[in-house]
Amino acid sequence: DELDYINLAKSIISGEFSSFAGLENQYPNNIRTPGYPLFLASILQLSPSILVVKISQLILYFISLGLWVSIFIELKFSKRSLYFFLCLSGVSIQLSYYSAMVMSETVVIFLMSLLVYLVFTKNYNLFYRVTMMAFVLALLTLIKPINILLPLLFLPLLYFTKSKGLSLLALSTLIFSITLSPWIIWNIKNHDIASPMSAQGSPI
């Protein structure tokens, strides 16, 4: 998986999206979605070192922990609960272990943490939070297609819980669709499939 992600990232830099970039015949990727390879490509553009990728992921992991501390404070949980959470996180070796691998798990943990933070924080206005939540949900779908089920469960809650719920739902759907649209267009062009997931590989 690591090698495939790296090859996909390098192919994006060269203007393709293939695990076999550079060959005479084109083989557009049909198994993976572009979210994580785009993250890798953006870092590899700045530095060709895989170590920089791993350090960046480790930083995202620590930011995720910081987001959860903010969530605990926002929800007025006791300090004992917060310390218990930090102790559990400290001994959860698998979380930091994935940060040192070229895998999408750490980025997904960060985006999931950011999503929960946006749900509960009161530091930003509702319009900004809803826009960001829809964008984060789209990024999660582009990284791991199983997450396309999240908006189906999550976004309708906006309609039931807010006075302008219908407008917020429409805004969220628009932002979500716009973010996914380049990938859907690419799938149509290369695989004749109008899908926000990969063309093959049973992503769900």
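In this tour, two residues are in contact when heavy atoms of theirs lie within 4.5 Å. Keep that in mind as you click through this predicted model.

**Stop 1: colour by confidence**

Start with the whole protein chain, coloured by pLDDT. The mean is 86, and 92% of the residues reach 70 or more. Now pick out two helices: α2, residues 35-46, has the highest mean pLDDT among the elements, at 95, while α9, residues 156-161, has the lowest, at 68.

**Stop 2: Ile143**

Select Ile143, which sits in helix α7 (residues 126-143). With 10% relative accessibility, Ile143 counts as buried.

**Stop 3: Glu105 and Lys144**

Step along to Lys144 and select Glu105 with it. These two form a salt bridge, with 3.4 Å between the closest N and O atoms. Glu105 belongs to helix α6 (residues 105-120) and Lys144 to the loop between α7 and α8 (149-154), so the pair ties together parts that are 39 residues apart in sequence. Both ends are partly exposed: Glu105 has 24% relative accessibility, and Lys144 has a relative accessible area of 26%.

**Stop 4: the network around Arg32**

How many salt bridges does the structure hold? There are three. For the others, select Asp1, Asp4 and Arg32, which are linked in a network of salt bridges.

Look at Asp1 and Arg32, whose side chains meet at 2.8 Å, N to O. Asp1 lies in the segment before α1 (2-13) and Arg32 in the loop between α1 and α2, so this pair ties together parts that are 31 residues apart in sequence. Then turn to Asp4, whose side chain meets that of Arg32 in a salt bridge at 2.5 Å, N to O. Because Asp4 is in helix α1 and Arg32 in the loop between α1 and α2, this pair joins parts 28 residues apart in sequence.

Is Arg32 buried or exposed? Arg32 counts as buried, at 17% relative accessibility, because the cut-off for buried is under 20%. Asp4, at 21%, counts as partly exposed, and Asp1, at 54%, counts as exposed.

**Stop 5: two sides of helix α3**

Move to helix α3 (residues 50-74) and select Gln57. Gln57 is buried, with a relative accessible area of 0%. Its side chain reaches the backbone oxygen of Ser99 at 2.9 Å. Beyond neighbours within four places in sequence, Gln57 is in contact with several residues, including Tyr36, Phe39, Tyr98, Met101 and Thr106.

Now select Ile55, also found in helix α3. Ile55 is partly exposed, with a relative accessible area of 46%.

**Stop 6: Ser198**

Finish in the segment after α10 (165-191), where Ser198 lies. Ser198 counts as buried, at 7% relative accessibility. Show the backbone of Ile31 as well: the side chain of Ser198 reaches the backbone oxygen of Ile31 at 3.0 Å.

Notes. Residues are numbered from 1 along each chain as its sequence is written. This is a predicted model: local features need pLDDT of at least 70, side-chain atom pairs count only at pLDDT 80 or more; totals for chains, interfaces and linings use all residues. Side-chain values use heavy atoms; hydrogens and water are left out. Helices (H or I, at least four residues) and strands (E, at least two) are DSSP runs, numbered from the N terminus. Buried means under 20% relative accessible area, exposed over 50%, partly exposed in between (1.4 Å probe, protein chains only). A polar contact is a pair of N or O atoms within 3.5 Å; within protein, one must be able to donate a hydrogen and the other to accept it, and residues adjacent in sequence count only if both atoms are side-chain atoms. pLDDT is the predictor's confidence in each residue, from 0 to 100. A salt bridge is a side-chain nitrogen of Lys or Arg within 4 Å of a carboxyl oxygen of Asp or Glu.
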